Amino acid sequence: MNTEPLNPQPADDPPLDELVAYLDGELDELQTEAVEARISLNPSVRREAESLRKTWDLLDYLPRPQTSGDFTNRTLSRLDLAELSRSAPRRVPGRRWLGTVLIVAASVAALVLAGLAGYAGRALLVPAKPAAPPVTPDEEAQLLADLRVIDNLREYQQVEEIGYLRGLAEPDLFGDGEGR
Amino acid sequence: VAGPGETSTLMALRDPDIRLMLRVRDADDAQAFAELVERYQHRLVAVLHHLLGGGPDAEDLAQEVFLRVYRTRQRYHPTAKFSTWLFTIANHLALNALRGRQRRPVVPLPTQESGPLGPRPAEQLVHARTEAPGHHLQQQELADLIRQALDGLNERQRMAVVLNKFEDMGYAEIAEVMGLTTKAVKSLLSRARGRLREALEPYIYMDGTPPHVADEDAEALPSVPTPPDAVT
């Protein structure tokens, strides 16, 4: 891959990029042989190559994260949402008020119609109250006779027996009779 | 990458991911898209996790990458592996996200001797150098130090490192993903690995083998133990 010739002087250290490319297997056959010759002849080159290799191996200690189990589904969901939002018709900003007015008008019309329908339905379904029958003279006389009872009906309901009320009517009890 | 004279049809026949993507492009096939998400989610989230420095942002951004894949499906041409196209989009979005983070206001923290964010990674490493090389760090502590060393790289170096290390991409593919020349990627990776070595040097011989032994017989050196949770 790399066509740059190495320095033919075996005693010279190869440049760092040549050494790294050698370790990565990126040199052609001739270049590889040249670097290997220097490594075998020069301890410092060998040490340098070894330290580079060991440093590279240290990266294996980095943890390798795994994706969460539903990664594919979440990605496809995001794709669906993104595609839907892209394909949705866009509103013209200048006419946005028109839509709002139409929505309000439709709501008001619906309310009015519902009110009318309710009124009409109630008139049809609930029968009107029948008119009260006329009072006969006898009934009228009876009501007049019971007028005092009717007027005091609430007080009478508060006591259990009529004798108690009669006792209250005795003049001695409250001292406003003739003896005072 | 398709060779000269190699038609996209031939590539598509060989690569099942390209076949899926063509179904997405030509037929809006949701099932094919779901299968691509299923196949690539762990790899993509892992790359973004390393690039963004952890946290919940990685999954959100991975979803964004997949959504972008779907929205730009009509522009897809099977001239490269599907993964190259996927990580090209990921690279673009991740760099935007990182730059967005830098623009956000920083919440002030209580001032400490080494600055508002506490000891810098380099300071911590200098402190750690005073300890014996064979000091047994817990794996979590070691992972944190490596994380800090990775965060010490610039965005492009970090992306190149992550794609090379965890996606096993060659220089040419990284160049395509990042929109660079192969030579630029070679330079980027050599500087990145030099900086990582500088930051992590105290920890590379934690297995007890002193560095000077390497002078005598490099092949006799025991290799760094494979982490139990490392996924290949």
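Is D29(B) buried or exposed? Select D29(B) to begin: its relative accessibility is 19%, so D29(B) counts as buried (under 20% relative accessible area is buried, over 50% exposed and in between partly exposed, with a 1.4 Å probe and protein chains only).

A word on the model: it is predicted, local features need pLDDT of at least 70, side-chain atom pairs count only at pLDDT 80 or more, and totals for chains, interfaces and linings use all residues. Residues are numbered from 1 along each chain as its sequence is written, chains are lettered from A and ligands numbered from 1 in the order written, and side-chain values use heavy atoms, leaving out hydrogens and water.

R23(B) is partly exposed at 35%.

Next, pick D28(B) and R73(B), a salt bridge with closest N and O atoms 2.7 Å apart. D28(B) lies in the loop between helix 2 (16-27) and helix 3, and R73(B) in the loop between helix 4 (57-71) and helix 5 (82-103) of chain B, so the pair ties together parts 45 residues apart in sequence. Helices here are DSSP runs (H or I, at least four residues), numbered from the N terminus.

Finally, select L44(B), among the residues with the most contacts inside the largest nonpolar core, which has 79 residues (buried Ala, Val, Leu, Ile, Met, Phe, Trp, Tyr and Cys joined through side-chain atoms within 4.5 Å). Helix 3 (residues 30-52) of chain B gives the largest share of this core, 11 residues.

Technical notes:
Helix = DSSP H or I, 4+ residues; strand = E, 2+ residues; numbered from the N terminus. Salt bridge = Lys/Arg side-chain N within 4 Å of Asp/Glu carboxyl O.
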